Amino acid sequence: MRVDPQLTVTSNWTIDVSDGATIADFCVSITPVEDYQLPPEAYQHEMEREEMRRQLEQERREREEERKEREKEQKQIANLTSLVTEFLKKKTQMHKSSIHHDGAMYSTGGTNTH
């Protein structure tokens, strides 16, 4: 097999030094090989980026769940606060009514017939 001094063949690329771009004082033309597959380490950056994207998405979902849980707790607290407030209002009204009724009895000197 005869090798043309103007043509160098590597395992993945054919480099024609007869015309094209100049690299380190050499004229080269690089043609990709059909169906060439990059080695896995060539995709390392891309794989790391995908893993980072998955982690960020998981963190976003966790934050969303925490937000929903906080909203649920806040609604429960608001509901309980409303119930306690209503209960205390009724108790206060009953107590005021009782004091007013007892006070009226004592001020008039009357007796309780109820």
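Aspartate 35 is exposed, with a relative accessible area of 68%, where exposed means over 50%, buried under 20% and partly exposed in between, for a 1.4 Å probe and protein chains only. The model is a predicted one, in which local features need pLDDT of at least 70 and side-chain atom pairs count only at pLDDT 80 or more, while totals for chains, interfaces and linings use all residues. Residues are numbered from 1 along each chain as its sequence is written, and side-chain values use heavy atoms, with hydrogens and water left out.

Aspartate 35 sits in the loop between strand S3 (26-32) and helix H1 (44-108), helices being DSSP runs of H or I with at least four residues and strands runs of E with at least two, numbered from the N terminus. Although aspartate 35 is not a glycine, its phi is positive, at about 55°. Most residues other than glycine have a negative phi.

Helix H1 also holds glutamate 59, which at 39% relative accessibility counts as partly exposed. The two residues are set out below.

| Residue | Relative accessible area | Class |
|---|---|---|
| Aspartate 35 | 68% | exposed |
| Glutamate 59 | 39% | partly exposed |

For the protein as a whole, there are one helix and three strands, which run β-β-β-α from the N terminus on. Of its 114 residues, buried ones make up 2%. Among contacts (heavy atoms within 4.5 Å) between residues at least 6 apart in sequence, 2% join residues at least 24 apart.
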